[in-house]
Amino acid sequence: GCVYCPYHFKNKTIHRKKTAIFDYVYNNDWDYFVTLTVNYSEYGWTPAEYKQKVTYWLNNLRKRQHIEYLLVAEYHKNSERVHLHILVKGSAAALGLAPSGTYIFKHSRFNKPIKARTAINSGLDIKEGQEVFNVTKWKYGFSTAIKTDGNKYALAAYITKYITKDTEKIFGKSYWHSKGVLKPL
């Protein structure tokens, strides 16, 4: 393709960002995959206000609880509302994790967290599911957290799917991370 063509340039830019995030994910040992959403009926923040609150919240956790993080933001489908996907190095206590009573099953007909009773009634074994937690230290809306399984390739592939041409418009950049995250080799 043409180097100067805007279509190819944009795709190369996205490709570079995805590669960088993939490398950051792959070069670090992450403990949790966290998703945060603001309760917009209670907090009608603009993306700039949202970024300020999230940055303050994460930096506070970093300083006080010694976590490290990599964050990718995305817009909800057909909405101006923002969803945050965060990989975290840190303990359950550092995030204030509490069981949500739901589980994720990788190879089932369910594509979202389900309650333990629903899983059991559907013939699923809870021991084969992945427990979903709430982040009690996130006071601005909704949260989920799951323990990572050590499969860095799958984790990197999963989080890079959120990088699109619209991602950079949210907070002025596609992703950001704390200072203690190891740089790609």
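The model is predicted, so local features need pLDDT of at least 70 and side-chain atom pairs pLDDT 80 or more, whereas totals for chains, interfaces and linings use all residues. Residues are numbered from 1 along each chain as its sequence is written, and side-chain values use heavy atoms, without hydrogens and water.

**Exercise 1.** Determine which strands pair with E3.

*Solution.* Strands (E, at least two residues) and helices (H or I, at least four) are DSSP runs numbered from the N terminus. Two strands pair if DSSP finds at least two bridges between them. E1 (residues 32-38) is joined to E3 by 6 bridges, antiparallel; here Phe33 has Leu87 as its bridge partner. E2 (residues 68-75) is joined to E3 by 8 bridges, also antiparallel, and Glu68 stands opposite Lys89.

**Exercise 2.** Classify the ring pair of Tyr40 and Tyr50.

*Solution.* Rings of Phe, Tyr and Trp (its six-membered ring) pair if their centres lie within 6.5 Å; planes under 30 degrees apart are stacked, over 60 edge-to-face, the rest tilted. The structure holds 12 aromatic pairs. For Tyr40 and Tyr50, the centres are 6.4 Å apart and the planes at 90 degrees, an edge-to-face pair. Tyr40 lies in the loop between E1 and helix H2 (47-65), and Tyr50 in helix H2. Both Tyr40 and Tyr50 are buried.

Note on methods:
Buried < 20%, exposed > 50% of the residue type's maximum accessible area, 1.4 Å probe, protein only.
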